[in-house]
Amino acid sequence: KMLRSVAVLGRSALRSHSVALPRKFASTSAKSPAGTAGKVAEVRAATEALLKSVPNDWAAYESLCDADITCFEPEAVGYCAKGLAFHKFYFELFGGKAASFPPNTTLCDEDIRILNGGKSAVMVYTRLVQKVDADGAPVTVKSNETRVFEQQGEGDAKRWVCVHFHRSPL
């Protein structure tokens with residue numbers, strides 16, 4: 001099984017690792033409360049799992065997003081898309097088929113801010129996706145993204161869920 005790698009371009013140097021390995025380089029926003037490094041790592045892991053699920057693992061994507069998720073993205077052609085049905089269309093379009101050569105996702109300039117007493121978070125980053133186009137040529141797609149997470153559930157069932165995102169191609 002081939003794993004996609006995620007690289008983080010921080011303030012100093014490029015750090016890269018497989019999404020299946022634990023993060024060693026957690027950084028928090030200067031505006032996040034002290035003692036939130038664990039929550040930052042959880043939000044980062046939820047983001048990586050969410051991005052890894054696109055576009056082939058609907059069950060994982062659905063479990064990581066709120067049923068009433070909102071978003072602004074190019075596919076919504078200037079409108080705020082609401083709910084998971086909009087996104088499910090694209091998963092069904094691909095029919096759960098994995099690409100013959102899986103894309104490589106790199107997250108640059110990450111910043112995670114823990115808010116509301118640790119119950120919500122905002123993550124911003126620039127996302128680079130390297131993939132092979134229909135003609136077999138390598139291409140890189142770049143976008144700026146913001147994801148808003150909310151901690152839902154109680155006790156052991158507590159998890160980070162994406163409630164909103166904004167993706168702008170560059």
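So, Phe 89: it counts as partly exposed because its relative accessibility is 47%, where buried is under 20% relative accessible area, exposed is over 50%, and partly exposed is in between (1.4 Å probe, protein chains only). Phe 89 sits in helix 3, residues 85-94; helices here are DSSP runs of H or I with at least four residues, strands are runs of E with at least two, and both are numbered from the N terminus.

Quick caveat: this is a predicted model, so local features need pLDDT of at least 70, side-chain atom pairs count only at pLDDT 80 or more, and totals for chains, interfaces and linings use all residues. Residues are numbered from 1 along each chain as its sequence is written, and side-chain values use heavy atoms, with hydrogens and water left out.

Back to Phe 89. Together with Leu 93 and Phe 94, Phe 89 makes a nonpolar surface patch of about 330 Å². Patch residues have over 30% relative accessible area and no salt bridge, and nonpolar side chains (Val, Leu, Ile, Met, Phe, Trp, Tyr) are joined within 5 Å, like charges within 9 Å. Areas are Shrake-Rupley with a 1.4 Å probe, and for residues only the protein chains shown count as cover. A salt bridge is a Lys or Arg side-chain nitrogen within 4 Å of an Asp or Glu carboxyl oxygen.

Now the backbone. Which peptide bond is cis? Val 54 to Pro 55, with omega near -5°. Pro 55 is in the loop between helix 1 (37-53) and helix 2 (58-64).

Next, positive phi without glycine. Val 77 has about 40°, in the loop between strand 3 (65-72) and strand 4 (81-82). Val 77 counts as exposed, because its relative accessibility is 64%. Asn 116 has a positive phi of about 55°, and its loop runs between strand 5 (104-115) and strand 6 (120-132).
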